[in-house]
Amino acid sequence: MKPPSENHELIRWLDGEMNAAERAAFEAQLAQDPALNREALEMQALSEGIRAHLPKEMVVPYGDFFNSQIQVRLAQMEVEEGARSSRFSASTVWQWLRQPWFAVAGAAAIAVISFLTLARDGHQADSQILSSYTPSAQVQARTFHDSDAQATVLMLDGLDAVPADRKVSGLNVHHSQTETEIAATSLYDASGSRLLTISRDSGGNPFFWQTSPRG
Amino acid sequence: MKWPHPVLFSLVICPWVIAQDAAPSGAGTLPVAKPATEGKVWGALIFATDDAAQLTGSQEKPPASLPKLNERLSKVFSFKHFEILGQHQQDIFREYESWVVPSRDLFLKIDSKGPADQGGVNLHLQVWREQQVLVKSEAVLRPGSPLFIGGPKWKNGRLIFVLSLEQK
């Protein structure tokens with residue numbers, strides 16, 4: 001006789017896992033094998049006795065520890081799986097490296113990367129417009145960087161044109177002097193003559209002084 | 001040489017020193033302590049046009065730190081001629097506002113917001129056209145990388161403001 005734990009057919013019969021045909025065939029075998037039949041009856045009685053004395057649901061003792069151990073094991077399995085994948089990847093890469101054409105392609109790639117790295121190191125960072133606000137709704141501000149011009153552009157669209165008959169004149173400012181006490185900046189030409197003085201009026205708008213604010 | 005008597009010396013010199021302290025400074029000769037700065041910017045008002053006859057004849061030149069300025073402007077603004085109408089090199093004050101005024105018609109107010117990563121300076125810019133602010137921007141200005149501001153049309157061309165951070 002097989003040990004009970006090794007008689008899979010008997011266990012399946014006890015657990016009710018057999019279909020009708022399997023159950024009929026196994027019970028016919030029980031009828032012909034008194035020893036097996038006795039073992040089956042003992043096992044059945046034992047099983048029913050256990051079911052009768054144990055609750056259907058039990059709290060797993062040290063459940064947290066149990067769960068943590070499962071998680072640890074799952075993590076170990078993932079690591080082992082990853083190591084297998086790495087070994088596979090490494091061997092695949094090594095096969096690529098052994099290809100004759102790879103040396104040429106690799107040299108070209110290194111040259112390109114080196115060029116780009118050197119170009120990047122020699123390239124200064126560009127100016128940037130981070131945000132813009134146009135108080136007038138009819139004016140739109142567009143910003144972009146123009147690589148050819150090596151400049152950052154803030155394009156104001158929708159501005160009213162300056163009348164063609166207006167004389168737009170420039171100032172050639174040689175130096176300036178700021179009086180922080182009165183928040184005024186005076187601009188001077190190369191001869192030292194004052195071109196203008198700018199400060200802000202009570203409304204915060206720029207104000208050009210015709211004469212020095214100090215008199 | 002014989003020195004004057006100490007009492008006489010005090011009677012003459014002390015009132016003079018006191019008078020110097022109390023006297024108002026003369027016009028245009030205020031004692032100015034230079035405020036702390038973050039660097040310098042060069043600002044210019046430029047007239048771009050296709051019609052050479054409309055140029056004003058200004059002979060202003062850009063600084064050496066901005067080579068090929070006209071060529072670079074032409075990459076962005078499709079005009080044949082670029083003329084500097086006015087220019088102004090200005091300190092960027094750390095604590096105070098700075099005005100860049102190459103023209104009364106179009107000028108900038110700058111407030112420093114401190115040094116920028118990778119060099120340059122963080123700025124709050126305001127572009128003014130007389131009494132109207134056209135745009136307010138937060139910007140990072142870096143040396144060698146000018147800011148081109150496309151302004152209003154004038155005649156058959158356009159006014160452009162160029163702002164560039166000078167190398168320290």
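Seven strands form an open sheet, drawn from both chains of this predicted model, in the order 2(A)-3(A)-7(B)-8(B)-1(B)-2(B)-4(A). Its pairing is mixed. Helices (H or I, at least four residues) and strands (E, at least two) are DSSP runs, numbered from the N terminus. Two strands pair if DSSP finds at least two bridges between them. Strand 2 (140–146) and strand 4 (172–173) of chain A stand at the edges of the seven-stranded sheet. Each has a single partner strand, so one side of each is left without a neighbour in the sheet.

Local features of the predicted model need pLDDT of at least 70 and side-chain atom pairs count only at pLDDT 80 or more, while totals for chains, interfaces and linings use all residues. Residues are numbered from 1 along each chain as its sequence is written, and chains are lettered from A and ligands numbered from 1 in the order in which they are written.

Strand 2 of chain A pairs with strand 3 (residues 151–157) of chain A in the antiparallel sense, over seven bridges. A:Leu154 in strand 3 is the bridge partner of A:Thr143. Helix 2 (residues 69–76) of chain B lies across several strands, among them strand 2 and strand 3 of chain A and strand 1 (37–49) of chain B. This helix runs at about 50° to strand 3 of chain A. Axes are lines fitted to C-alpha atoms, for helices over the stretch in contact, and angles run from 0 to 180 degrees between N-to-C directions.

A second open sheet has five strands in the order 1(A)-6(B)-5(B)-4(B)-3(B), with antiparallel pairing. Strand 1 of chain A and strand 3 (98–100) of chain B stand at the edges, each with a single partner strand, so one side of each is left without a neighbour in the sheet. Neighbouring strands of this sheet are turned by 25° against each other on average, direction ignored. Strand 1 of chain A joins strand 6 (residues 132–141) of chain B over five antiparallel bridges. There, A:Ile129 stands opposite B:Ala139. Within chain B, strand 4 (residues 107–115) and strand 5 (residues 121–129) pair over seven antiparallel bridges. B:Pro115 stands opposite B:Val121 in strand 5.

Contact between the chains involves 50 residues of chain A and 53 residues of chain B. Two residues are in contact if their C-beta atoms, placed from the backbone, lie within 7 Å. The chain A side divides into 25 nonpolar, 19 polar and six charged residues. Ala, Val, Leu, Ile, Met, Phe, Trp, Tyr, Cys and Pro count as nonpolar, Asp, Glu, Lys and Arg as charged, and the others, Gly among them, as polar.

Chain B has two helices and eight strands. Of its 168 residues, 40% count as buried. A residue is buried if 20 or more other C-beta atoms lie within 10 Å of its own, exposed if 12 or fewer, and partly exposed in between. The largest nonpolar core has 51 residues. Such a core is a set of buried Ala, Val, Leu, Ile, Met, Phe, Trp, Tyr and Cys residues joined through C-beta atoms within 7 Å. B:Leu108 and B:Phe161 are among the members that touch the most others. Strand 1 of chain B gives the largest share of this core, seven residues.

Helices 2 and 3 of chain A present another picture. Of the 13 residues of helix 2, the number buried is zero, so helix 2 lies largely in the open. Of the 20 residues of helix 3, the number buried is one, so helix 3 also lies largely in the open.
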